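User: I am new to this structure and want to learn how to read its features. Can we go through them one at a time?

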Amino acid sequence: MRVLLTGHQGYLGTVMAPILTTAGHDVTGLDSGLFADCVLGSLDTPDVPGLAVDLRDVTAARLAGFDAVVHMAALSNDPLGSLAPEITYDINHHASTRLARLAKEAGVGRFVYASTCSVYGAQSGDDLVDEDAPLKPVTPYAESKVRVEDDLLELADADFVPVSMRNATAFGFSPRLRADIVLNNLTGHAVLTGVVKVLSDGTPWRPLAHAEDIAGAVVAALAAPADVVRGRAYNVGTEQNNRTVAEIAQAVVEAVPGAELAITGEAGNDPRSYRVDFTRARKELGFEASWTIPAGAQQLATEYRARGLTQEAFDTRFTRLAVLKARQAEGTLDAGMRVIRGR
C-alpha cells in the first residue's frame, strides 16, 4: 500500500515508519516538526519522505493517491490536554475528524487511527475491560479520542474502512524519545538518580505496550480484510503487561542495579485505573505483542546510558510539555501550537 503516516517525526512515528517500510509499504510522512529535533544520540534510520504540514492545514489534494492513512499525530499527553483543552480538542478531535473526511473524499480506502486505552478511564472492579466496555474518559486527551472514534463510525462505508487502535500506554526506546510516559520516565530516574520515585500510591492499574508492538498492530490492521476491521476498535497490548504502577516501578528497580524504590503518594489517588483484555486483536488481526515490561526497562536503561542521556535533556528536551513551552518562549511556536517557520 501507499501509506501516509501522520506524526512520523514523533516518538511512535519514528519507530513505526521503518516497520511499515519493512512490511512492504510505500510510506510518506506528514508532520509539523514540533519534535523533529528531539533526538537522543542519532537517528538509527533515515526519515521517510515527508510533508511539513500542520494537521489542521491538510487538503484533499495532499491525500490523493494514498491507499491508507495511519493517523498518529496528536497533542499527546494528559498534562498538556489539561493545560490547553481547547487546543487539544481543535487538533486531536476536529482536525483528526477533518483529516478522515478529506481522506474519504480523496479516495483513500483505509484509515488507521491511533486511539488509546485511556478511553476506559476509571473502571471499577478487577475485571478486564474489552472493546465493548463503557468508555469513561477522565481527561481532555482521552475525551478527544472518544469523539474521533464516534465520528469515524459515521464515516465508515463500503469504500472507506476506519479502524481505531486503542493503544495501551506506550513504552520502549525511540530515537525521538518521550520521557513523560510511565516506564520511560521511571527508568530515566533510575539511571540518572538511582531512585525510582512514584508520586501516586502505586495502586492504579496500567496496560503497557512497546512502541514496536504498537507498530506491529498497525501493520496487522492494514493487512486485515476490510469486512473484518471496518468500524472496529482494537485494544493493542498484552494482558501480561497489565500492571500496577508499583509493579512497573519494581520492574525498573530490577532492571537498573543499585536503584531504589520510593513510593511517596504525594500526588494523591489517581482516578485512571483499568485492566484491559486484548483478545479481539489476537483473534481478528492475528496480532501478538512480544515485548514485556522488564525487557522494555532493560532496553531503555541500555540506550539511555549508551546515548549519554543527561538530567537536563530528560527534564526538558524529551518532556513534551516542557518542549512546547520552550518553543513558545523562543518564538518558534505560537499560542495555537502552530510552528512558526524561519525562526
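User: Which residues are linked in a network of salt bridges?

Analyst: Look for charged side chains that share partners. In this predicted model, the network links Asp54, Arg56, Asp57, Asp90 and Arg338.

User: How many salt bridges does the count come to?

Analyst: The rule is a cut-off: a side-chain nitrogen of Lys or Arg within 4 Å of a carboxyl oxygen of Asp or Glu. By that rule, the count is 16.

User: Which residue forms a salt bridge with Asp47?

Analyst: For any pair, read the distance, then the places in the chain. Asp47 pairs with Arg176, and their closest N and O atoms are 3.0 Å apart. This pair links distant parts of the chain, 129 residues apart. Asp47 lies in the loop between β2 and β3, while Arg176 lies in the loop between β7 and α6.

User: Is Arg176 buried or exposed?

Analyst: Compare its relative accessible area with the cut-off: buried means under 20%. Arg176 has 2%, so it is buried.

User: Where does Arg280 sit, and what is its partner?

Analyst: Arg280 is in helix α10. Its salt bridge is with Glu131, the closest N and O atoms being 3.8 Å apart. Glu131 is in the loop between β5 and α5, and the two residues are 149 residues apart. Both Glu131 and Arg280 are buried.

User: What is the N to O distance between Asp180 and Arg178?

Analyst: Their side chains meet in a salt bridge at 2.8 Å. Check the accessibility of each partner separately. Asp180, at 22%, counts as partly exposed. Arg178, at 8%, counts as buried.

User: How many residues of β5 are buried?

Analyst: For a strand, check each residue in turn. In β5, 7 of the 7 residues are buried, so this strand is largely enclosed by the rest of the structure. Now read the side chains by direction. Arg110, Val112, Ala114 and Thr116 point one way from β5, and Phe111, Tyr113 and Ser115 point the other way.

User: Which strands pair with β5?

Analyst: Read the bridges and the direction. Strand β4 pairs with β5 in the parallel sense over 4 bridges. Here Val69 has Phe111 of β5 as its bridge partner. Strand β6 also runs parallel to β5, and 7 bridges join them. In β6, Val161 is the bridge partner of Arg110.

User: Which residues of the largest nonpolar core touch the most other members?

Analyst: Start with the general idea. In soluble globular proteins, nonpolar side chains tend to be buried together. The largest nonpolar core here has 63 residues, and Leu63, Phe111, Leu183, Val196, Val252, Leu309 and Phe318 touch the most other members. A second, separate core has 47 residues, including Leu20, Val161, Ile214 and Val229.

User: What does Val252 touch?

Analyst: Leave out residues up to four places away in sequence. Val252 then touches Leu183, Leu186, Thr187, Ala190, Val196 and Ala297.

User: Where does α4 bend?

Analyst: The bend in α4 is about 30°, at Ala95. Then see what comes next. Gly107 follows α4, and its phi is positive, near 90°.

Technical notes. Residues are numbered from 1 along each chain as its sequence is written. This is a predicted model: local features need pLDDT of at least 70, side-chain atom pairs count only at pLDDT 80 or more; totals for chains, interfaces and linings use all residues. Side-chain values use heavy atoms; hydrogens and water are left out. The bend at a residue is the angle between axes fitted to the seven residues ending there and the seven starting there. A nonpolar core is a set of buried Ala, Val, Leu, Ile, Met, Phe, Trp, Tyr and Cys residues joined through side-chain atoms within 4.5 Å. Buried means under 20% relative accessible area, exposed over 50%, partly exposed in between (1.4 Å probe, protein chains only). Contact means heavy atoms within 4.5 Å. Two strands pair if DSSP finds at least two bridges between them.
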